[in-house]
Amino acid sequence: MASTKDWFETIAEAQRRAKKRLPRSVYLALVAGTGKGLTTADNVAAFDELGFLPRVADLPAKRDQATTVLGQDVSLPVVISPTGVQAVHPEGEVAVARAAAAAGTAMGLSSFASRSIEDVAAVNDKTFFQMYWVGTRDQLLARAERARKAGAKALIVTLDWSFDSARDWDAPMIPEKVDLKAALHFAPEVLRKPRWLWSFAKTGKLPDLTTPNLAAEGEAAPTFFGASGQWMGTPPVTWEDVAWLREQWGGPFAVKGIMHPDDARRAVDAGCTAISVSNHGGNNLDGTPASIRALPAIVDAVGDQVEVLQDGGIRRGSDVVKALALGARAVLIGRAYLWGMAAAGERGVTNTLEVLRQGIDSTLLALGKASVHELSREDLVIPDGFALHG
Ligand SMILES: Cc1cc2nc3c(=O)[nH]c(=O)nc-3n(C[C@H](O)[C@H](O)[C@H](O)COP(=O)(O)O)c2cc1C
(Lines give C-alpha, C1' and ligand atoms only; values in the text may rest on other atoms or scores of the structure.)
Protein backbone atom coordinates (compact mmCIF):
# COMPACT_ATOMS: atom_id res chain seq x y z
CA MET A 1 0.00 0.00 0.00
CA ALA A 2 1.36 3.43 -0.90
CA SER A 3 1.73 6.07 1.81
CA THR A 4 -1.41 8.14 2.36
CA LYS A 5 -2.36 10.66 4.99
CA ASP A 6 -3.46 7.81 7.27
CA TRP A 7 -0.85 5.22 6.36
CA PHE A 8 2.92 5.18 6.07
CA GLU A 9 4.52 2.70 3.75
CA THR A 10 7.94 2.58 5.39
CA ILE A 11 9.46 3.20 8.81
CA ALA A 12 11.51 6.04 7.29
CA GLU A 13 8.24 7.81 6.49
CA ALA A 14 6.98 7.19 10.06
CA GLN A 15 10.17 8.82 11.36
CA ARG A 16 9.66 11.84 9.09
CA ARG A 17 6.10 12.24 10.39
CA ALA A 18 7.26 11.84 14.01
CA LYS A 19 9.88 14.54 13.49
CA LYS A 20 7.30 16.87 12.02
CA ARG A 21 4.79 16.27 14.79
CA LEU A 22 6.91 16.21 17.94
CA PRO A 23 8.56 19.11 19.77
CA ARG A 24 12.29 18.97 19.11
CA SER A 25 13.33 17.80 22.60
CA VAL A 26 10.79 15.01 22.55
CA TYR A 27 11.89 13.90 19.09
CA LEU A 28 15.54 13.87 20.20
CA ALA A 29 14.66 11.81 23.27
CA LEU A 30 13.45 9.10 20.88
CA VAL A 31 16.44 9.42 18.55
CA ALA A 32 18.53 8.81 21.71
CA GLY A 33 21.96 7.27 21.06
CA THR A 34 25.12 8.20 22.89
CA GLY A 35 28.62 9.59 22.29
CA LYS A 36 29.22 10.14 18.61
CA GLY A 37 26.27 7.95 17.59
CA LEU A 38 28.56 5.29 16.08
CA THR A 39 26.68 2.32 17.46
CA THR A 40 23.20 3.59 16.62
CA ALA A 41 24.38 4.19 13.06
CA ASP A 42 26.12 0.83 12.70
CA ASN A 43 23.04 -1.01 14.01
CA VAL A 44 21.19 0.19 10.92
CA ALA A 45 24.08 0.25 8.41
CA ALA A 46 25.22 -3.31 9.14
CA PHE A 47 21.94 -4.69 7.77
CA ASP A 48 22.78 -3.02 4.43
CA GLU A 49 25.95 -5.11 4.15
CA LEU A 50 23.93 -8.33 4.05
CA GLY A 51 22.58 -9.41 0.66
CA PHE A 52 19.89 -11.88 -0.39
CA LEU A 53 19.89 -14.79 -2.85
CA PRO A 54 16.38 -14.73 -4.35
CA ARG A 55 14.64 -17.55 -6.27
CA VAL A 56 12.12 -17.09 -9.07
CA ALA A 57 9.85 -20.11 -9.57
CA ASP A 58 8.17 -22.81 -7.47
CA LEU A 59 7.64 -20.10 -4.87
CA PRO A 60 5.25 -20.80 -1.96
CA ALA A 61 1.71 -19.46 -2.38
CA LYS A 62 1.47 -18.86 1.37
CA ARG A 63 4.10 -17.87 3.88
CA ASP A 64 3.91 -18.55 7.61
CA GLN A 65 5.42 -16.11 10.13
CA ALA A 66 4.12 -17.61 13.36
CA THR A 67 6.54 -18.62 16.11
CA THR A 68 6.82 -18.56 19.88
CA VAL A 69 8.81 -16.21 22.10
CA LEU A 70 9.27 -16.83 25.83
CA GLY A 71 6.40 -19.31 25.78
CA GLN A 72 3.94 -17.05 23.94
CA ASP A 73 2.55 -17.63 20.45
CA VAL A 74 3.26 -14.65 18.22
CA SER A 75 1.82 -14.17 14.73
CA LEU A 76 5.01 -12.58 13.42
CA PRO A 77 8.62 -12.81 14.62
CA VAL A 78 8.60 -9.23 15.89
CA VAL A 79 8.08 -8.26 19.52
CA ILE A 80 7.84 -4.82 21.14
CA SER A 81 11.12 -3.99 22.87
CA PRO A 82 10.78 -2.18 26.22
CA THR A 83 11.39 1.57 26.00
CA GLY A 84 11.06 4.08 28.75
CA VAL A 85 9.82 7.30 27.20
CA GLN A 86 6.37 6.64 25.89
CA ALA A 87 4.83 9.54 27.75
CA VAL A 88 5.43 11.25 24.41
CA HIS A 89 1.87 10.15 23.68
CA PRO A 90 -1.03 10.44 26.14
CA GLU A 91 -1.87 6.74 25.87
CA GLY A 92 1.80 5.71 25.76
CA GLU A 93 2.50 2.08 26.53
CA VAL A 94 -1.20 1.18 26.68
CA ALA A 95 -1.64 2.21 23.03
CA VAL A 96 1.45 0.23 22.05
CA ALA A 97 0.28 -2.83 23.99
CA ARG A 98 -3.15 -2.69 22.34
CA ALA A 99 -1.68 -2.42 18.85
CA ALA A 100 0.69 -5.32 19.60
CA ALA A 101 -2.20 -7.45 20.91
CA ALA A 102 -4.29 -6.72 17.82
CA ALA A 103 -1.33 -7.76 15.66
CA GLY A 104 -0.95 -10.95 17.69
CA THR A 105 2.36 -10.16 19.28
CA ALA A 106 3.98 -9.58 22.63
CA MET A 107 4.73 -6.36 24.48
CA GLY A 108 7.88 -5.68 26.49
CA LEU A 109 7.09 -3.08 29.18
CA SER A 110 9.97 -1.04 30.60
CA SER A 111 10.26 -0.57 34.35
CA PHE A 112 10.84 3.09 33.38
CA ALA A 113 7.52 3.15 31.53
CA SER A 114 4.97 5.89 32.09
CA ARG A 115 2.05 3.44 32.45
CA SER A 116 1.65 0.67 35.00
CA ILE A 117 2.11 -3.03 34.39
CA GLU A 118 -1.50 -3.50 35.54
CA ASP A 119 -2.86 -1.15 32.82
CA VAL A 120 -0.68 -2.68 30.13
CA ALA A 121 -1.14 -6.38 30.96
CA ALA A 122 -4.90 -5.73 31.01
CA VAL A 123 -4.86 -4.96 27.27
CA ASN A 124 -2.17 -7.42 26.13
CA ASP A 125 -2.04 -10.87 27.70
CA LYS A 126 1.42 -11.40 26.19
CA THR A 127 3.17 -8.76 28.27
CA PHE A 128 6.76 -9.21 29.40
CA PHE A 129 8.01 -7.01 32.24
CA GLN A 130 11.50 -5.52 31.83
CA MET A 131 13.67 -4.77 34.82
CA TYR A 132 16.95 -3.04 35.37
CA TRP A 133 18.98 -3.90 38.44
CA VAL A 134 17.68 -1.07 40.62
CA GLY A 135 17.59 -1.34 44.40
CA THR A 136 17.89 -4.27 46.80
CA ARG A 137 17.04 -7.91 46.04
CA ASP A 138 13.87 -7.50 48.13
CA GLN A 139 12.80 -4.48 46.10
CA LEU A 140 13.55 -6.27 42.83
CA LEU A 141 11.59 -9.30 43.90
CA ALA A 142 8.64 -7.18 45.02
CA ARG A 143 8.52 -5.55 41.56
CA ALA A 144 8.70 -8.92 39.83
CA GLU A 145 5.92 -10.31 42.04
CA ARG A 146 3.76 -7.28 41.34
CA ALA A 147 4.29 -7.87 37.61
CA ARG A 148 3.42 -11.55 37.97
CA LYS A 149 0.21 -10.63 39.84
CA ALA A 150 -0.68 -8.18 37.07
CA GLY A 151 -0.33 -10.97 34.50
CA ALA A 152 3.21 -10.56 33.11
CA LYS A 153 4.20 -13.76 31.31
CA ALA A 154 7.97 -13.31 31.41
CA LEU A 155 10.72 -11.17 32.89
CA ILE A 156 13.32 -9.43 30.75
CA VAL A 157 16.35 -8.24 32.70
CA THR A 158 18.33 -5.63 30.79
CA LEU A 159 21.98 -5.70 31.79
CA ASP A 160 23.71 -3.28 29.43
CA TRP A 161 23.71 0.12 31.03
CA SER A 162 26.67 2.22 32.17
CA PHE A 163 25.15 5.65 32.81
CA ASP A 164 26.74 7.68 30.04
CA SER A 165 24.18 9.29 27.82
CA ALA A 166 26.17 12.37 26.75
CA ARG A 167 25.69 13.05 23.05
CA ASP A 168 27.56 15.18 20.54
CA TRP A 169 24.21 16.43 19.25
CA ASP A 170 21.71 18.44 21.20
CA ALA A 171 20.82 16.27 24.21
CA PRO A 172 17.45 17.39 25.52
CA MET A 173 17.05 18.52 29.09
CA ILE A 174 14.49 16.14 30.59
CA PRO A 175 12.52 17.81 33.37
CA GLU A 176 12.21 16.09 36.74
CA LYS A 177 8.50 16.60 36.53
CA VAL A 178 6.31 18.34 34.00
CA ASP A 179 5.28 21.27 36.12
CA LEU A 180 4.80 24.92 35.32
CA LYS A 181 8.55 25.62 35.34
CA ALA A 182 9.28 22.84 32.87
CA ALA A 183 6.27 23.79 30.78
CA LEU A 184 7.61 27.33 30.44
CA HIS A 185 11.08 26.02 29.57
CA PHE A 186 9.64 23.95 26.74
CA ALA A 187 6.91 26.39 25.75
CA PRO A 188 8.62 27.93 22.70
CA GLU A 189 9.23 24.64 20.93
CA VAL A 190 6.01 22.99 22.10
CA LEU A 191 3.88 25.87 20.88
CA ARG A 192 5.31 25.32 17.42
CA LYS A 193 3.76 21.81 17.44
CA PRO A 194 0.12 22.50 18.24
CA ARG A 195 -1.14 19.09 17.13
CA TRP A 196 1.09 17.34 19.64
CA LEU A 197 0.02 19.71 22.38
CA TRP A 198 -3.62 19.19 21.44
CA SER A 199 -3.29 15.41 21.80
CA PHE A 200 -2.49 16.02 25.48
CA ALA A 201 -4.85 18.94 25.95
CA LYS A 202 -7.75 16.71 24.89
CA THR A 203 -6.96 14.30 27.75
CA GLY A 204 -6.59 17.11 30.29
CA LYS A 205 -3.17 15.69 31.29
CA LEU A 206 0.44 16.72 30.91
CA PRO A 207 3.10 14.21 29.86
CA ASP A 208 3.86 12.11 32.92
CA LEU A 209 7.51 11.60 33.81
CA THR A 210 7.03 9.32 36.77
CA THR A 211 7.85 5.61 36.86
CA PRO A 212 4.82 3.82 38.36
CA ASN A 213 6.38 0.37 38.02
CA LEU A 214 9.23 1.26 40.37
CA ALA A 215 6.90 2.28 43.21
CA ALA A 216 6.66 0.03 46.25
CA GLU A 217 3.13 -0.95 47.23
CA GLY A 218 1.21 1.97 48.66
CA GLU A 219 3.91 4.51 47.73
CA ALA A 220 3.83 7.30 45.15
CA ALA A 221 5.61 6.61 41.87
CA PRO A 222 9.19 7.95 41.89
CA THR A 223 10.11 10.53 39.28
CA PHE A 224 12.33 9.46 36.40
CA PHE A 225 15.31 11.16 38.05
CA GLY A 226 14.56 9.85 41.53
CA ALA A 227 14.54 6.32 40.12
CA SER A 228 17.74 6.97 38.15
CA GLY A 229 19.45 8.11 41.36
CA GLN A 230 18.50 4.88 43.15
CA TRP A 231 19.78 2.92 40.15
CA MET A 232 23.16 4.63 40.19
CA GLY A 233 23.45 3.85 43.89
CA THR A 234 22.84 0.12 43.32
CA PRO A 235 26.00 -2.04 43.13
CA PRO A 236 26.57 -3.51 39.63
CA VAL A 237 24.66 -6.73 39.02
CA THR A 238 26.45 -10.10 39.17
CA TRP A 239 25.64 -13.36 37.35
CA GLU A 240 24.82 -14.77 40.78
CA ASP A 241 22.16 -12.03 41.17
CA VAL A 242 20.74 -12.94 37.76
CA ALA A 243 20.60 -16.65 38.64
CA TRP A 244 18.94 -15.76 41.95
CA LEU A 245 16.18 -13.68 40.31
CA ARG A 246 15.65 -16.31 37.62
CA GLU A 247 15.21 -18.91 40.38
CA GLN A 248 12.76 -16.72 42.34
CA TRP A 249 10.74 -15.92 39.24
CA GLY A 250 10.53 -19.51 38.06
CA GLY A 251 8.90 -18.69 34.69
CA PRO A 252 10.22 -17.60 31.28
CA PHE A 253 13.19 -15.30 31.82
CA ALA A 254 15.32 -13.32 29.37
CA VAL A 255 18.51 -11.31 29.64
CA LYS A 256 18.79 -8.40 27.24
CA GLY A 257 22.03 -6.72 26.17
CA ILE A 258 24.32 -9.65 25.30
CA MET A 259 27.11 -8.94 22.79
CA HIS A 260 29.73 -11.55 23.74
CA PRO A 261 29.45 -15.34 23.36
CA ASP A 262 30.96 -15.80 26.84
CA ASP A 263 28.18 -13.68 28.36
CA ALA A 264 25.67 -15.74 26.36
CA ARG A 265 27.11 -18.87 27.99
CA ARG A 266 26.88 -17.26 31.44
CA ALA A 267 23.23 -16.40 30.76
CA VAL A 268 22.60 -20.05 29.89
CA ASP A 269 24.33 -21.11 33.11
CA ALA A 270 22.09 -18.68 35.03
CA GLY A 271 19.08 -20.59 33.68
CA CYS A 272 17.76 -18.04 31.14
CA THR A 273 15.05 -19.05 28.69
CA ALA A 274 16.08 -16.39 26.19
CA ILE A 275 18.72 -13.77 25.50
CA SER A 276 18.51 -10.71 23.33
CA VAL A 277 21.65 -9.92 21.38
CA SER A 278 21.54 -6.18 21.81
CA ASN A 279 23.54 -3.04 22.47
CA HIS A 280 20.54 -1.09 23.78
CA GLY A 281 19.86 0.44 20.39
CA GLY A 282 23.22 2.23 20.60
CA ASN A 283 22.23 4.02 23.80
CA ASN A 284 24.92 2.47 25.99
CA LEU A 285 28.65 2.15 25.14
CA ASP A 286 29.26 4.01 21.89
CA GLY A 287 31.70 2.17 19.63
CA THR A 288 30.05 -1.19 20.28
CA PRO A 289 29.52 -2.77 16.85
CA ALA A 290 26.02 -3.45 15.50
CA SER A 291 24.22 -6.19 17.41
CA ILE A 292 23.50 -8.06 14.17
CA ARG A 293 27.28 -8.57 13.78
CA ALA A 294 27.41 -10.33 17.16
CA LEU A 295 24.44 -12.60 16.41
CA PRO A 296 26.04 -15.44 14.35
CA ALA A 297 28.74 -16.36 16.88
CA ILE A 298 26.25 -16.18 19.76
CA VAL A 299 23.83 -18.45 17.90
CA ASP A 300 26.71 -20.87 17.29
CA ALA A 301 27.64 -20.77 20.98
CA VAL A 302 24.22 -21.19 22.65
CA GLY A 303 21.52 -21.37 19.96
CA ASP A 304 20.59 -24.93 20.90
CA GLN A 305 20.18 -24.04 24.58
CA VAL A 306 18.24 -20.76 24.69
CA GLU A 307 15.97 -18.69 22.48
CA VAL A 308 18.26 -16.20 20.79
CA LEU A 309 16.53 -12.91 20.02
CA GLN A 310 18.10 -9.82 18.46
CA ASP A 311 17.31 -6.15 18.70
CA GLY A 312 18.88 -3.02 17.20
CA GLY A 313 18.49 -1.45 13.79
CA ILE A 314 15.34 -3.20 12.54
CA ARG A 315 13.69 -0.77 10.12
CA ARG A 316 12.10 -3.07 7.50
CA GLY A 317 10.73 -6.56 7.08
CA SER A 318 13.80 -7.62 5.15
CA ASP A 319 15.95 -6.73 8.20
CA VAL A 320 13.85 -9.14 10.27
CA VAL A 321 14.42 -11.86 7.66
CA LYS A 322 18.18 -11.22 7.73
CA ALA A 323 18.26 -11.59 11.52
CA LEU A 324 16.25 -14.81 11.34
CA ALA A 325 18.48 -16.18 8.57
CA LEU A 326 21.46 -15.56 10.86
CA GLY A 327 19.76 -17.63 13.55
CA ALA A 328 17.56 -15.30 15.62
CA ARG A 329 14.23 -16.76 16.69
CA ALA A 330 12.59 -13.34 16.57
CA VAL A 331 13.54 -9.67 16.82
CA LEU A 332 12.58 -6.88 19.18
CA ILE A 333 11.87 -3.42 17.80
CA GLY A 334 12.39 -0.06 19.51
CA ARG A 335 12.48 3.09 17.41
CA ALA A 336 10.39 1.57 14.60
CA TYR A 337 7.28 1.52 16.80
CA LEU A 338 8.21 4.70 18.69
CA TRP A 339 8.15 6.55 15.36
CA GLY A 340 4.82 4.92 14.57
CA MET A 341 3.35 5.90 17.92
CA ALA A 342 4.66 9.46 17.65
CA ALA A 343 3.28 9.76 14.11
CA ALA A 344 -0.20 8.37 14.70
CA GLY A 345 -0.69 6.87 18.18
CA GLU A 346 -2.03 3.32 18.40
CA ARG A 347 -2.84 3.29 14.68
CA GLY A 348 0.78 4.20 13.97
CA VAL A 349 2.06 1.21 15.96
CA THR A 350 -0.36 -1.03 14.07
CA ASN A 351 0.96 0.53 10.87
CA THR A 352 4.58 -0.18 11.90
CA LEU A 353 3.83 -3.83 12.64
CA GLU A 354 1.96 -4.18 9.32
CA VAL A 355 4.85 -2.61 7.39
CA LEU A 356 7.17 -5.20 8.94
CA ARG A 357 4.74 -8.07 8.42
CA GLN A 358 4.31 -7.21 4.74
CA GLY A 359 8.06 -6.77 4.30
CA ILE A 360 8.75 -10.16 5.88
CA ASP A 361 6.13 -11.75 3.66
CA SER A 362 7.44 -10.37 0.39
CA THR A 363 11.03 -11.25 1.36
CA LEU A 364 10.02 -14.83 2.18
CA LEU A 365 8.26 -15.04 -1.19
CA ALA A 366 11.32 -13.77 -3.04
CA LEU A 367 13.52 -16.28 -1.21
CA GLY A 368 11.11 -19.15 -1.90
CA LYS A 369 10.43 -19.86 1.77
CA ALA A 370 7.05 -21.10 3.03
CA SER A 371 7.92 -20.32 6.63
CA VAL A 372 10.25 -18.21 8.74
CA HIS A 373 11.55 -21.51 10.12
CA GLU A 374 13.06 -22.42 6.74
CA LEU A 375 15.47 -19.49 6.66
CA SER A 376 19.20 -20.11 6.97
CA ARG A 377 22.53 -18.41 6.30
CA GLU A 378 22.41 -19.96 2.80
CA ASP A 379 19.78 -17.34 1.92
CA LEU A 380 22.21 -14.50 2.54
CA VAL A 381 25.35 -13.08 1.02
CA ILE A 382 27.52 -12.34 4.05
CA PRO A 383 30.67 -10.33 3.36
CA ASP A 384 33.97 -11.47 4.85
CA GLY A 385 34.59 -9.85 8.21
CA PHE A 386 30.90 -9.08 8.81
CA ALA A 387 30.47 -11.21 11.91
CA LEU A 388 32.26 -10.65 15.23
CA HIS A 389 34.10 -13.40 17.09
CA GLY A 390 34.04 -15.31 13.78
C1 LIG B 1 14.10 6.09 23.59
C2 LIG B 1 14.51 4.73 23.99
C3 LIG B 1 14.28 4.27 25.30
C4 LIG B 1 14.67 2.98 25.68
N5 LIG B 1 14.39 2.53 26.94
C6 LIG B 1 14.69 1.24 27.28
C7 LIG B 1 14.30 0.72 28.54
O8 LIG B 1 13.70 1.38 29.36
N9 LIG B 1 14.63 -0.58 28.80
C10 LIG B 1 15.31 -1.37 27.90
O11 LIG B 1 15.58 -2.55 28.18
N12 LIG B 1 15.68 -0.89 26.70
C13 LIG B 1 15.37 0.38 26.37
N14 LIG B 1 15.70 0.85 25.12
C15 LIG B 1 16.36 -0.05 24.16
C16 LIG B 1 15.32 -0.83 23.35
O17 LIG B 1 14.62 -1.77 24.12
C18 LIG B 1 15.99 -1.61 22.21
O19 LIG B 1 17.05 -2.38 22.73
C20 LIG B 1 16.50 -0.70 21.10
O21 LIG B 1 15.67 0.41 20.91
C22 LIG B 1 16.60 -1.49 19.81
O23 LIG B 1 17.12 -0.71 18.79
P24 LIG B 1 16.20 0.03 17.69
O25 LIG B 1 15.65 1.23 18.35
O26 LIG B 1 17.16 0.33 16.61
O27 LIG B 1 15.11 -0.96 17.30
C28 LIG B 1 15.33 2.14 24.73
C29 LIG B 1 15.53 2.59 23.43
C30 LIG B 1 15.13 3.87 23.04
C31 LIG B 1 15.36 4.32 21.64
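The following dialogue goes through some terms used for this predicted model.

Trainee: What should I know about the numbering and the model before we start?

Mentor: Residues are numbered from 1 along each chain as its sequence is written. The model is predicted, so to speak of local features we need pLDDT of at least 70, side-chain atom pairs count only at pLDDT 80 or more, and totals for chains, interfaces and linings use all residues.

Trainee: How many helices and strands does the protein have?

Mentor: The protein has 14 helices and 12 strands. Helices (H or I, at least four residues) and strands (E, at least two) are DSSP runs, numbered from the N terminus.

Trainee: Why is helix H13 called largely enclosed?

Mentor: A residue is buried if 20 or more other C-beta atoms lie within 10 Å of its own, exposed if 12 or fewer, and partly exposed in between, with C-beta atoms placed from the backbone. Nine of the nine residues of H13 (residues 317–325) are buried, so the rest of the structure largely encloses the helix. Among them are Asp319 and Lys322. Across the protein, 48% of the 390 residues count as buried.

Trainee: What makes strand S10 mostly covered?

Mentor: Five of the five residues of S10 (residues 307–311) are buried. Glu307, Leu309 and Asp311 point one way, Val308 and Gln310 the other way, and all are buried.

Trainee: Which strands pair with S10, and how do you know?

Mentor: Two strands pair if DSSP finds at least two bridges between them. Strand S9 (residues 274–277) runs parallel to S10 and is joined to S10 by four bridges. Strand S11 (residues 330–333) pairs with S10 in the parallel sense over three bridges.

Trainee: What makes the unit of S10, H13 and S11 right-handed?

Mentor: A crossover is right-handed if, with the strands pointing away from the viewer, the path from the first strand over the helix to the second runs clockwise. S10, H13 and S11 make a β-α-β unit of this hand.

Trainee: Which residues come nearest the ligand?

Mentor: Gly84, Ser110, Thr158, Gly281 and Gly334 come nearest, out of 25 residues around the ligand. A residue is near a molecule or strand if its C-beta atom, placed from the backbone, lies within 6 Å of it.

Trainee: How many residues of each class are in the shell around the ligand?

Mentor: The shell has eight nonpolar, 14 polar and three charged residues. Ala, Val, Leu, Ile, Met, Phe, Trp, Tyr, Cys and Pro count as nonpolar, Asp, Glu, Lys and Arg as charged, and the others, Gly among them, as polar.
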